[in-house]
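Hi everyone, thanks for coming.

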Amino acid sequence: MATNQTPAPTRLTRMTDKAVTELAALHALLEDVLLGHVAVVVDGHPVAFPTAVARDGERLLVHGSTGSSWLRSLSSGAPASVTVTAMDAVVVARATFESSFHYRSAVLFGRFTALAGEDKERALDVLVDRILPGRSGELRRPNKRELAATLICAMPIDQWSLKVSERWPDDLPEDVDGPAWAGIVPLRHGYGDPVPAPDLRDGVPVPPSVRALTE
């Protein structure tokens, strides 16, 4: 008797030639992106939320307010997925059908658990320093009220798929012989000059963590 089998969530069903299985490639992607989209079912409805993500060894960290319904669902162990994507270039083809991007995109699957105690406070430092390296050492320590109002959740990095697209335009021979230009246009990312807060006291210098972003 035939049975329906649900494929493993990490198995690619399209463009399998773009699959990358090296864990180092996933780590590199997670080092390049700050934003992920967390998908989870909340009160019977599927939702996806953009949030900061940080790799902490072999686990992925997210954080937010204890008042967040989606984060509370994650902390209870609800099945979840996290998508992270880096856009690296525009692929300019000779036909609209072949125009695309260079990208690296991963989906991670699993269940999050809420962190507590020293592990929670250390994970908060990891998240802060992922957004602004070195910043946690420039700030006062979070107090008990702030820690109590913050949920930090971790998910093991052990179920994932990664797809990388880095090809040249794949145009038809008749288009290659035509007059249209083809190639790639790399996407550049960077930071502008720091803008001080309106209530910043006179004489407070730009800290090393911020200067490092713009140098």
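**Helix H3 and a few residues**

Let's start with helix H3, residues 117-131: it has 15 residues and reaches 22 Å from its first C-alpha to its last, close to the 21 Å expected at 1.5 Å a residue. Keep in mind that this is a predicted model.

So which residues of H3 are buried? They are Lys120, Ala123, Leu124, Asp125, Val126, Leu127 and Arg130.

Next, the aromatics. The structure holds one aromatic pair. Phenylalanine 49 and tryptophan 70 are stacked, with 5.1 Å centre to centre and 15 degrees between the planes. Phenylalanine 49 sits in strand E3 and tryptophan 70 in helix H2 (residues 69-75), so the pair ties together parts that are 21 residues apart in sequence. Tryptophan 70 counts as buried because its relative accessibility is 11%, under the 20% cut-off. Phenylalanine 49, at 25%, counts as partly exposed.

Now over to aspartate 43, in the loop between strand E2 (35-42) and strand E3 (45-52). Most residues other than glycine have a negative phi. Aspartate 43 has a positive one, near 55 degrees. Is aspartate 43 buried or exposed? It counts as exposed, at 72% relative accessibility.

Last one: serine 165, in strand E10 (residues 160-165). Serine 165 is at 5% relative accessibility, so it counts as buried. Leaving out residues up to four places away in sequence, serine 165 touches Lys18, Phe101, His102 and Tyr103.

Note on methods: Residues are numbered from 1 along each chain as its sequence is written. This is a predicted model: local features need pLDDT of at least 70, side-chain atom pairs count only at pLDDT 80 or more; totals for chains, interfaces and linings use all residues. Side-chain values use heavy atoms; hydrogens and water are left out. Helices (H or I, at least four residues) and strands (E, at least two) are DSSP runs, numbered from the N terminus. The expected span of a helix is 1.5 Å times one less than its number of residues. Buried means under 20% relative accessible area, exposed over 50%, partly exposed in between (1.4 Å probe, protein chains only). Contact means heavy atoms within 4.5 Å. Rings of Phe, Tyr and Trp (its six-membered ring) pair if their centres lie within 6.5 Å; planes under 30 degrees apart count as stacked, over 60 as edge-to-face and the rest as tilted.
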